[in-house]
Amino acid sequence: MSAKNFIDKIKNQEIDIVEHTEKILGECKEINKEYGYFNTISEGLALEQAKEIRKQLKNSSKNLKNKKLLGIAISAKDAICVKGVETTAGSKILQNYKPLFDAFVIQKVKEEGGIIIGKTAQDEFGFGTFSINSAFGIPKNPFDTERSCGGSSGGAAGLSQKLANHIALGESTGGSITTPASFCGVYGLCPTYGRVSRCGLIDFANSLDKIGPMGKTIEDVALLMNVIAGHDANDSTSLNEKSEDYEKYVKKPVKGMKIGIIKEAFGSGVEREVEKNVYNGIQELEEEGAKAEEVSLELPIKYGIPTYYMIATSEASTNLAKYCGMRYGAFEKLEGSFNEYFTKVRSNNFGEEVKRRIILGTFARMAGYRDAFYLKAAKVRTLMINEYKKAFRKFDALVSPTISILPPKFSDIEKLSPLQHYMIDVMTVSPNVAGLPHLNVPVGFEKNLPVGMLLIADHLQEGKLIQLGSVFGNE
Amino acid sequence: MNHKKFTSDIVIGLEIHAELNTKTKLFCSCPTKGNEEPNTRTCPTCLGMPGSKPVLNKKAVEFALKLCLALGCEISPELIFSRKSYFYPDMAKNYQITQYEVPLGKKGKLKLSNGKEVGITRVHMEEDPASLIHPAGMKESQYVLVDYNRSGNPLVEIVTEPDLTSPDEAREFMKQLITVLDYLEIFDINGGIIKADANISIKESSYKRVEIKNITGFKEIERALLYEVKRQKEEAHKIEQETRSWDSERGVTFSLRKKETEEDYGYIIDTDLVAIEIEDKWVSGLRKHMPELAQDKVRKFIDKYKIKKDDAEILASDKQLAEMFEKVAEEIDPLLAAKWIRKELLRVLNYNKKSLTESGITEIQMIDLLKLVERKHITENVASKILEMLSADFDVNKYVKKEGLEAVSDISELEKYCREAIEENPKAVEDYKKGGARALNFIVGAVMRKTKGKATPKEVNEIILKLIK
């Protein structure tokens, strides 16, 4: 059932919203047992919301007439603050932390009648590609539980595949929406930086973080995007421009659109099954009248990873300083000087990858190194944006595999070094560094595992991505 | 430090932090003043809660820009904030939002009253940390309480060139700066916090730089630096580059850390705040509406009211005083107004240790009072006494009437008092006739007591002389 049909049934009370929400929560618990997609299921909040909507429907459905998400289950990546619901960003240091306020996107979802069902599993503070760096459970791939569902929005992607009538709020810093979307066979849209407010998002890297929708269909993604996009005065980096109606791009003909195939993103290092399926995807677009040709984007592919890690870890290392056991989250026995106490709290409650990135980021911004690392990375970032901008003078969208491999087994991930880990993000980090909107489109299956294609568009051109993405899948 | 460039025996540079008196904090809408109950003026942003984001208070930028203009700074075309990272319990986020690479203003100057110009290296904006409370005193307390009411208040930091050559000059600089802040109405002269860190070095130690932290107010800066100059001269051969703190209670500085290695704050741009273009239009608009500053007032007082330069400078050095003078001088003789405000009013304020605002004395009261003096309706003596009594709701005219304090100018009445006094003090009269000039004062005093000061001593003097002869 499409979201539109479902919402109509809720509105005319063919489906009882409370009963439906109870059913959904039951399914969530079942799914969670096997796949571990939730850090918290917000049963209390969800039922409270459902009951309130039922009350309003019984009185008069008038003010609910235009609600865009009425009764739809919405999950939020754990880094997104939900008032009164445990919000940890996957970290032990925030265990039991219940925010005092809703993130902007949660406010919007609530206003539109969406039911917040819980907080989805992720890598701690978003630091990872496979959702294995979590203080809590590790989410498992919906197609094979011995494999990863990608990260860092792993729970969001897996849940989107398994749970009907649900759309997820994910978050991406360097590929954390599109990578898990690819591994779980769902759509994931990472919007232009600043298109969706970050207010209430627990920071990873402030100049890179973006909240975006993830769902089983492109319609779902466009629908949630319509709810969350827009200006927010409480986030200084929020773009002060009207957002578009993204739903009108669904199934809009793609005839004549120009697609640039990123030359450097194919060939060595990319699994052949992945490459094959992405080429099939490109062919499908061409069959619909889009024109594809190769384009070279050397700089983003070559320098994306180092640039990303310098900027992301520098910012992250300052963002994580606030967690010191003083005002919220984990604390330890109070003894010694404040330095000793802070050190104890942070040593005992941050995971290994968090500590690695704090050290990396602190090093990169130290006097004597910041010129060579942090400041140079900022310059390369500008050059990368320029190279993309040049390409967008010619193309409506760029295409590459989302990730070069099929979802790997946990046992294989263990064998990777941290650097090999980081290199896997090569396709997704560059559009993230450049703040460009990008979309994972599920284009096929290989060995019963999904393959994703990455579409990148110019700033604020999310509509084109939805237009191209809606060529695929006929659900 | 390369000491070759220094020519004076003492070299001082200051870093001054002043609180801007905006209604709300620098990055959130919490009030900067009001409820003093700890941790009541807070929100997720100034508490550093996860997910909160800063939103810049433009009014604070405007205030800081005004200061830059008053100090003749070059103004940056862009406003950029950075994160200064260090762990400390008063920091909500363990980084402070400040300005690093590009300060709001640079290359300014401030003129001292002796005409010397002190270079301003930079003026930048930053947020105040929370305040730490040591319930049993700094050293003894087993624990510390944190009050976030102050967290996020807007500060402006002013860094000078090492142009100051004595503790006295440093004091004078601070004083001049406070006057500027006051005239610009960007600082609460009565309750605002102003703190300084001072870099000081002397020739005897080959200009080894010592930094003194934590000096509050302009009187303290002189005390702290006088102490430090003396200490450095006494220990010249063993002075090391170090950071010390000023203990105002004990009147000494003490070492915080030796062998100063530059602290590494790992500055990065704060990308939660976008770079804001400081448009020429904005700056020129502010420039157009800049209030008169002390130097403008001095010139105006001399040209328009023809008062002495010395008086003009003293009046202008306090904005409230200067404004009162201007209003009073419109109503009565400016020379009389200058004399009374500069000498008598200041004397009363100093005695009561109050600022003009705190005293509640209004220009209407001063005009009433000085009109009576000008028209010789009361004596200066009586006026002085009334001035001492002035407070917010005091009505000068009513009081004079009620107490019958109008000057006795009726000669016959005065003569009556004088006769009485002569009769009552025969010994004094005799002493005077024998050549004891001071005995005359005694008789005059007796008359003054009888008239409750309503007569002028000069007149009384003349009448007594006439009567005794």
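**Entry 1: a strand pair in chain A**

I began with strand β12 (residues 438-446) of chain A, which is joined to strand β13 (residues 449-457) of chain A by eight bridges, the two running antiparallel. Helices and strands here are DSSP runs numbered from the N terminus, helices being H or I of at least four residues and strands E of at least two. Strands count as paired if DSSP finds at least two bridges between them. I then looked up Leu439(A) and found Leu455(A) in β13(A) standing opposite.

A note to myself on what I am reading: this is a predicted model, in which local features need pLDDT of at least 70 and side-chain atom pairs count only at pLDDT 80 or more, while totals for chains, interfaces and linings use all residues. Residues are numbered from 1 along each chain as its sequence is written, and chains are lettered from A and ligands numbered from 1 in the order in which they are written.

**Entry 2: the sheet and its helices**

Which sheet holds the pair? I traced an open sheet of 11 strands in chain A, with the order β1-β3-β2-β6-β8-β7-β12-β13-β11-β9-β10 and mixed pairing. At the edges I found β1 (38-41) and β10 (291-295) of chain A; each has a single partner strand, so one side of each is left without a neighbour in the sheet. From one strand to the next, the twist averages 30°.

Next I looked for helices on this sheet. Helix α3 (residues 43-59) of chain A lies across β1 and β3 (115-120) of chain A, and runs at about 165° to β3(A). Axes are lines fitted to C-alpha atoms, for helices over the stretch in contact, and angles run from 0 to 180 degrees between N-to-C directions. Helix α5 (residues 154-162) of chain A also packs on the sheet, where it touches β1, β2 (73-77), β3, β6 (166-172), β7 (187-190) and β8 (210-215) of chain A. The direction of α5(A) makes about 155° with that of β6(A).

Ser152(A) sits in the loop between β5 (144-148) and α5 of chain A. I noted that the peptide bond from Gly151(A) to Ser152(A) is cis, with omega near 5°.

**Entry 3: a covered helix**

How many residues of helix α7 (residues 218-228) of chain A are buried? I read 11 of 11, so I wrote it down as mostly covered (buried means 20 or more other C-beta atoms within 10 Å of the residue's own, exposed 12 or fewer, partly exposed in between, with C-beta atoms placed from the backbone). Among the buried residues are Glu219(A), Asp220(A) and Asn226(A). The buried residues of α7(A) pack against α1 (3-11), α4 (104-111), β6, β7, β8 and α16 (462-469) of chain A. Just after α7(A), Gly230(A) takes a positive phi of about 140°.

**Entry 4: chain A as a whole**

I counted up chain A at 16 helices and 13 strands. Its radius of gyration, taken over C-alpha atoms, is 21 Å, close to the 23 Å that the globule rule (2.2 Å times the number of residues to the power 0.38) gives for 475 residues, so chain A is as compact as a globular protein of that length. Of the 475 residues in chain A, 58% are buried.

**Entry 5: where the chains meet**

I found 35 residues of chain A in contact with 26 residues of chain B. Two residues are in contact if their C-beta atoms, placed from the backbone, lie within 7 Å. On the chain A side, the elements that give two or more residues are α9 (298-319) and α10 (338-349) of chain A. By class, that side has 19 nonpolar, 10 polar and six charged residues. Nonpolar covers Ala, Val, Leu, Ile, Met, Phe, Trp, Tyr, Cys and Pro, charged covers Asp, Glu, Lys and Arg, and the others, Gly among them, are polar.

**Entry 6: a look at chain B**

I turned to strand β12 (residues 210-216) of chain B, which has five bridges to strand β11 (residues 194-202) of chain B, running antiparallel. Ala196(B) stands opposite Ile215(B) in β12(B). β12(B) also pairs with strand β13 (residues 242-247) of chain B, in the parallel sense and over four bridges. Here I saw Glu211(B) opposite Thr243(B) in β13(B).

Last, I checked Lys107(B), which lies in strand β6 (residues 105-111) of chain B. Its phi is near 55°, a positive value in a residue other than glycine.
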